Amino acid sequence: MSTLNRRVLPGFGLGLSTTILYLSLLVLLPLAACLWKAAELSPAEFWAAVWTPRAVAAYKLTFVASLLAALVNVVVGSIVGWTLVRYDFPFKRLIDALVDVPFALPTAVAGLVYASLYVSDGWLGQFLTPLGIQGAYSRFGIVLVLIFTGFPFVVRTIQPVLEDLDAETEEAAANLGADRWQTFTRVILPTIIPPALTGFTLAFARAIGEYGSVVFISSNKQFETEIAPMLIFARLEAYEYREAAAVASVLLGFSFLMLIFINVLERWSQRHEN
Amino acid sequence: MLYRLLFLLIVVYLISAAVWVVRAGIVRDGNPNDLLNVACDPTRELWRELNANFQEHREQRTGKRPSIRQSHGGSSSQARAVIDGLDGDVVTLAMFPDTDAIRKAGLIAPNWQAQLPNRSLPFVSTIVFVVRKENPKNIRDWCDLARPDIATITPNPKTSGNGKWSFLALWGAVTQRGGSDDDAIEYVRKVYSQTPVLDTSARASTMTFAQKKIGDVHLTWENEAHLEVQEAGGALEIVYPPISVLAEPHVAVVDRVVDRKGTRATAEAYLKYLYTEEAQEIIASHHYRPTNADVAARTAGLFPKIELFPITKLAKDWGEIQERFFAEGAIYDRISGSGVKR
């Protein structure tokens with residue numbers, strides 16, 4: 001008997017080949033095509049395309065705004081996840097379902113709606129603008145929509161972990177003499193850090209690539225509110241495919257480094273727990 | 001058993017996908033009367049009417065009624081789609097560089113401008129102002145846009161044809177009336193620094209101005225301005241500046257596509273039809289300026305006389321325009337980059 005047939009579950013060959021085929025078609029092939037296109041540039045041209053003052057300003061804005069949005073999402077998302085798992089209240093299911101709305105709603109719609117809410121005569125803008133808070137066409141607006149698009153990630157990664165953590169563990173901690181703070185820092189926090197990190201990474205990565213919602217709420221002005229994906233679009237509009245691909249591969253590289261960094265952090269936190 | 005079921009499912013899936021693809025028309029049988037017109041965004045209403053009339057016109061002459069499908073989108077995205085394989089028989093885009101990009105990709109013959117009358121321009125247009133009702137800030141001329149209390153709404157020249165035309169109109173408004181290039185740089189820098197938002201497309205700018213009520217003046221195509229004012233039901237009005245840019249939206253047959261699909265005869269008849277008096281009247285009724293002299297004379301009442309300068313007054317050709325104004329690090333980048341704390 002071959003080793004393959006000794007597996008307990010059937011379908012390994014089919015499953016693996018489907019996985020590899022799908023990932024190749026959906027992810028690897030387009031990525032390779034993008035890098036291939038960018039590689040048509042000489043190193044000097046590549047550098048000139050991706051490292052202009054305008055591009056650097058756009059990278060900074062994209063990363064800072066994405067980071068801020070992901071941080072807000074980690075904190076608020078954890079609270080929402082905790083509330084949905086641990087407490088019972090009316091319309092809980094409805095609220096739970098609402099969390100997924102940002103996944104379903106076309107992001108362009110989100111950008112449009114946010115922009116019209118926060119303009120100076122919008123529902124929210126009429127109160128905020130006199131206070132000096134510019135929600136639409138500002139950097140703040142960009143962070144707002146990025147929070148929206150990344151919100152479900154943290155909630156959805158934290159929820160199952162919290163569900164696995166029984167209330168009894170916390171009771172046991174309390175019985176053994178831990179106060180509430182100790183229970184939180186020693187029992188609950190170590191459990192939710194890894195999923196929170198995963199959620200953070202997902203929300204962060206999503207925000208870096210987000211285009212549809214941001215173009216509608218950003219004023220798209222160079223050095224002020226122009227995000228990096230917008231640079232790609234601007235390059236394409238000038239038929240500069242290679243330069244567009246170059247900027248795309250820089251973003252890709254950044255995100256990739258970020259993913260590696262977070263993965264290392266996650267490993268470390270798991271080891272730290274043991 | 002399980003494998004067989006899965007295999008069956010995959011076969012059923014593949015067959016139905018193939019059927020769907022064929023039915024959806026992605027695999028075409030090449031009917032010589034079926035055209036796809038790949039057009040830019042603001043021309044939806046115009047082509048709807050022109051197409052209906054052309055179908056009638058063609059049926060009377062050949063006995064066969066052509067079918068015309070339309071595709072609309074940002075002008076250069078549309079050009080890229082054709083370059084990347086969208087089967088457009090004709091392209092009707094917002095500006096020369098977009099049509100010429102398809103020529104550079106080898107899909108259109110090199111001398112395409114000479115294939116149709118008037119350098120392949122059945123109509124021209126220009127950039128005008130849309131302002132709030134009764135023009136509260138009294139905006140009459142280009143110099144008003146540089147006043148510190150005026151916020152101008154215009155799309156991003158980097159991503160929009162309308163944005164490029166508007167930039168050229170702003171620039172020419174200075175240099176065509178005796179201003180130097182330095183004056184023009186100072187002027188466009190002022191106008192763009194007072195712009196609260198640079199939308200990526202023409203229609204997005206229209207929404208920003210008309211629906212979100214941001215800004216004091218909106219720079220847009222003449223025909224878009226009329227549509228916008230009609231839709232607003234009295235809240236907006238048009239102001240004609242004394243001088244503006246001559247906007248030239250070219251049309252062209254996509255040679256490689258029509259030769260493959262066998263649609264050349266219909267496609268050429270379609271574009272030639274645009275120059276007939278009948279079509280020119282329709283074009284004028286949509287507020288595009290007809291190029292047929294008779295029709296232009298008859299419909300002159302629709303189009304206030306303003307001085308229109310072609311882009312050749314600003315540079316040798318489109319290549320130079322692109323290089324001088326819109327390329328990476330060119331004038332537009334320089335005026336938007338400066339004056340910002342870093």
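1. In this predicted model, the C-alpha centres of domain 1 and domain 2 of chain B are 28 Å apart. Domain 1 of chain B covers 30–121 + 248–275, and domain 2 covers 125–247 + 305–337. Their contact draws 13 residues from domain 1 of chain B and 14 residues from domain 2 of chain B.

2. On the domain 1 side of that contact in chain B, helix H3 (75–83) and helix H4 (96–104) each supply at least two residues. H4(B) gives the most, three residues. By class, this side of domain 1 of chain B has seven nonpolar, three polar and three charged residues.

3. Next, the chain interface. Here 22 residues of chain A contact 23 residues of chain B. From chain A, helix H3 (53–86), helix H6 (107–118) and helix H12 (228–237) each supply at least two residues to the side touching chain B. H12(A) has the largest share, with four residues. The chain A side splits into 13 nonpolar, five polar and four charged residues.

4. The largest nonpolar core has 101 residues. Those with the most contacts inside it include Ala58(A), Val145(A) and Ala203(A), as well as Leu170(B) and Val188(B). Helix H8 (residues 139–164) of chain A gives the most to this core, twelve residues.

5. Consider Val188(B) in detail. Leaving aside residues up to four places away in sequence, Val188(B) touches Phe167(B), Leu170(B), Trp171(B) and Ile335(B). Another core, of 36 residues, lies apart from the largest one. Among its members are Cys40(B), Leu50(B), Val91(B) and Val253(B).

Technical notes:
Residues numbered from 1 in each chain as written. Chains lettered and ligands numbered in written order. Predicted model: local features only at pLDDT ≥ 70, side-chain atom pairs only at ≥ 80, totals over all residues. Core = buried A, V, L, I, M, F, W, Y, C linked by C-beta atoms within 7 Å. Buried ≥ 20, exposed ≤ 12 C-beta atoms within 10 Å, placed from the backbone. Contact = placed C-beta atoms within 7 Å. Nonpolar A, V, L, I, M, F, W, Y, C, P; charged D, E, K, R; others polar. Domains from an automatic or database assignment.
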